[in-house]
Structures are given as C-alpha cells and as structure tokens.
Amino acid sequence: MSVLPGRLRILSANLWNDRADADGVAALVERLAVDIAALQELGPRQAAALGRVMPHGVLEPGQDYEGMGIAARVPLAVSRLPLPCRDARICQLELAATDGTPHRIELINLHIRAPHSPPGWSSLQHRRGQWRGLQRHLVAAPQRPRLLVGDFNATPLWPFYRRVTAHLHDAARIVAARHGRRPRRTWGPGPGTPRLLRIDHAFVHRVAVLDFQVVDVPGGDHSAVVVDIAAE
C-alpha cells in the first residue's frame, strides 16, 4: 500500500445514473486536483471518462441506479461491505502524518436507498438493513480512523443521519462552524435547479478535516461534496 501525501482531497458524487455529463465530471475532478473520487449511480460513460484521468481503484458502472466505484490516482485496493440493496465500497488509505509516520484511514463509500423508492415498505426495510450492516462494521472497530462519504438520502432531520452522527462527526458542520456559516444543500430536481435538501455527506472519526466544499456537477441533480483531510 502506498503512503499518500499528508493532505488528501476526496470527492463524493451521485452521478444520476449516467445522466451527469461524463466529460464534465472528469474535467471537474482534474480542476479540483482530487486524489480519490467516491461515486454513486455511476454509469458506463462516466466510468470510461473517469478512468482516463484516475486510472486506479475499482469502478463498477450500471444503468440501474446501482453503479458504484472508487477511483484514485494511485494504486488502491477496493473491497465490498455487504449490505441490503447496495453494498458499500471500502478502501484503506495510508496517510502520512506531519512527522512522516503513516496512519491508516478507512474510506467507506455508501449509497443508501431512498425512502420513497417503490414499494415503500421494501425501501424502509432496506434502509434499516443498510444501517444495521454499517453499524456492525463501525462498532467492530470503534477506534479506527475513518471517512464515510456518499448519498445517504437523509437530511440532518432524519433518523439515519442521527444514527450515523452517534458514531462519527459531520465534516460539513465542522467547517461551517469554523467560518460561521451553515452547510450548503446538495440535491435539487435537476441540473441548474436550486438545491433543496442536504443528503450527500462526509462523516469522520479520528480524522482532521481541513476543508469542505459543495461543488456543482455538470448535468447532475446532486452537487458533489469535496473534503480535505489529514491524519489527526
């Protein structure tokens, strides 16, 4: 496993089942100098474009809202955490501390099923099952430094968000409090529409959050979240 630089930039984005502009997404990753991209609803065109600029990691595109992936600029092993509906993707990062000592940080990419997906009773079952599987993973190694990103289909008012924040901290709130502002919303009905809900998140445990941004995705209904981290 390669030891990565002391400051790491990670982007997480829901790409709207291949509808977000593939070349625009790849250009965004390049412009922001992203080190690792965690993708949800990844489609074939988007995977091809991202693979040209971030050749490592594992991209598993689909056209059924199930596509997922983690793309990186350096070699990276990606595994699955089995969950109902959609597995999470996990990788281990070796991040250099200020004294050069490598610190291992776990990155988890999640896409939680939307509560309104038909049929409603099945969606709620899947959401509960996804939480239980994630919770088992978190409590199995409670001291492990980790970054949990993705489309959670849950605002801060919803139970799923509150369950996660019982274990980890919301990176958007950390940075917003630092600058005396409120976190920005991340989802709207389509490209160019006002963002109505904050459902895309980055949560941390024993990881230093240096910066957090919400960035428009060309042709997408979700904005991307971009978080800069360092070893704590």
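Look at strand β11 and you'll find both of its faces covered: D200, A202 and V204 on one side, and H201, F203 and H205 on the other, are all buried. Buried here means under 20% relative accessible area, exposed means over 50%, and partly exposed is in between (1.4 Å probe, protein chains only). Strands (E, at least two residues) and helices (H or I, at least four) are DSSP runs, numbered from the N terminus. This is a predicted model, where local features need pLDDT of at least 70 and side-chain atom pairs count only at pLDDT 80 or more, while totals for chains, interfaces and linings use all residues. Residues are numbered from 1 along each chain as its sequence is written, and side-chain values use heavy atoms, with hydrogens and water left out.

Why two groups of residues? In a regular strand the side chains alternate between the two faces of the sheet. With 6 of the 6 residues of β11 (residues 200–205) buried, the strand is largely enclosed by the rest of the structure.

Now for the neighbours. Two strands count as paired if DSSP finds at least two bridges between them. Strand β9 (residues 146–151) runs antiparallel to β11, and 6 bridges join them. You can trace this pairing through R146, whose bridge partner in β11 is H205, and through V149, whose partner there is A202. Strand β10 (residues 169–170) is also antiparallel to β11, joined by 2 bridges; here H169 has V204 as its bridge partner.

Next, head for the surface, where R128, R132, R136, R162 and R163 gather in a patch of positive charge. Such a patch takes residues with over 30% relative accessible area and no salt bridge, joining like charges within 9 Å; a salt bridge is a side-chain nitrogen of Lys or Arg within 4 Å of a carboxyl oxygen of Asp or Glu. Helices α3 (120–140) and α4 (159–164) each supply at least two residues of the patch, with the largest share, 3 residues, coming from α3. In α3, R136 counts as exposed because its relative accessibility is 56%, while R128 is partly exposed at 44%.

How values were computed:
Patches are made of residues with over 30% relative accessible area and no salt bridge: like charges are joined within 9 Å, nonpolar side chains (Val, Leu, Ile, Met, Phe, Trp, Tyr) within 5 Å. Accessible areas come from the Shrake-Rupley method with a 1.4 Å probe; for residues, only the protein chains shown count as cover. Lys and Arg count as positive and Asp and Glu as negative; His and the chain ends are not counted. The place of a charge is taken as NZ of Lys, CZ of Arg, CG of Asp or CD of Glu.
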